[in-house]
Amino acid sequence: MAIYIKGKGNISPQQTWGETSLLETPVLANGNRFTCVEPDYTQYMDVRQLRRMSRILKMGVASGSMALKEAGITIPDGIITGTSYGCLEDTGIFLSKMITNVEHALNPTPFIQSTHNTIGSQIALLLQCQGYNQTYTQRAFSFENALLDALMELQETPAQHFLVGAADEITDTSHAIQKRFGIFKDEHHAGAINGEGVAYFVLSGEKSSKDKVSIHSLATFYHADETALNNGVHQFLADANLKTADIDLLLMGTQGDASDEEVLQNTAGSLFPSSAKGYFKHLSGEYPTATAFAVWLAARMIEAQTVPESVSIGKANRPLQRVLIFNSYFGKYHSLILLEAC
């Protein structure tokens with residue numbers, strides 16, 4: 001079953017909000033770390049509320065508001081969020097205070113706001129949305145599971161509208177800790193660029209004349225070798241009644257480390273020789289829910305029927321009817337998300 005994208009909002013390291021052309025002037029990373037280009041939050045919430053919000057909450061509320069405004073929806077029937085790390089800034093504040101104050105007289109607010117479901121809950125509180133609210137925290141499958149939940153919910157009740165998205169942030173502390181693992185690009189290592197971002201979508205099971213893009217299906221593969229991944233991709237397309245040649249653009253999530261992305265590159269090269277190919281993580285950076293950025297990008301490309309030069313390896317030689325997102329998170333988590341033009 002297809003679900004239809006009614007609205008979308010995205011705050012990322014690129015200029016992805018406001019009235020701007022699609023990735024007209026790509027933003028480059030500062031070393032091995034991206035930072036989101038943030039809007040004026042007073043457009044989306046009261047200044048008094050902003051004072052009490054951490055950065056990721058502001059981004060979540062703003063991107064959700066963007067999606068709802070585009071969809072023309074005031075209150076969704078439910079909110080589904082995927083996040084791997086949750087609210088890292090508040091987590092760091094609380095843990096630092098524990099050490100500084102020797103676990104005495106701690107302010108409970110950072111702890112309360114550090115939980116993973118704070119983002120979806122904050123959006124619901126501001127909207128007065130009392131419907132279904134769920135947060136998924138399955139590392140690099142967090143957004144995919146949020147999307148799967150929406151697919152199942154809308155299969156049962158197609159007329160509903162769900163606000164579905166993902167959010168993950170970088171803090172100085174989290175970046176310093178992750179750097180110790182040697183996974184990021186430096187002068188000695190061609191690794192990933194640390195990324196962050198928040199993207200939300202208003203999704204419904206009912207098609208309207210205004211709809212331009214649908215999400216058709218998705219699949220996840222954990223610790224899959226090349227053979228298992230090849231078989232999984234074939235089965236995924238067979239379930240959608242498609243062949244590999246039916247994919248107009250393969251949007252790949254590779255992070256720059258040849259050893260981690262070898263399986264994806266081999267699979268993409270052998271199974272999709274006639275499909276145009278593009279990348280997205282040099283624009284978003286690597287983080288567990290980067291596929292939310294990829295869904296926003298794929299939807300925008302289908303709407304505009306164009307692939308930006310900063311994305312495409314070679315020019316697409318046919319209209320964008322189907323875009324397949326093929327993501328790899330450090331070679332361990334692989335996922336497929338199929339988007340189609342309406």
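Which domains is the protein divided into?

Reply: The protein is divided into domain 1 (3-204) and domain 2 (213-341). These bounds come from an automatic or database domain assignment. The model is predicted: local features need pLDDT of at least 70, side-chain atom pairs count only at pLDDT 80 or more, and totals for chains, interfaces and linings use all residues. Residues are numbered from 1 along each chain as its sequence is written, and side-chain values use heavy atoms, with hydrogens and water left out.

Now the interface. The C-alpha centres of domain 1 and domain 2 lie 22 Å apart. Contact (heavy atoms within 4.5 Å) joins 44 residues of domain 1 to 39 residues of domain 2. The buried area is about 3400 Å². That is the accessible area (1.4 Å probe) the two parts lose on being put together, summed over both. Carbon and sulfur atoms give 70% of it. In domain 1, Leu 22, Phe 141 and Glu 144 lose the most area to domain 2. Together they make up 20% of what that side buries.

Next, the charged link. One salt bridge is counted between the domains. The term needs a side-chain nitrogen of Lys or Arg within 4 Å of a carboxyl oxygen of Asp or Glu. The side chains of Lys 8 and Glu 303 form a salt bridge at 2.7 Å, N to O.

Finally, the elements. Helices (H or I, at least four residues) and strands (E, at least two) are DSSP runs, numbered from the N terminus. On the side of domain 1 that touches domain 2, strands E1 (3-11), E4 (161-168) and E5 (197-204) and helix H6 (142-156) each supply at least two residues. H6 gives the largest share, six residues.
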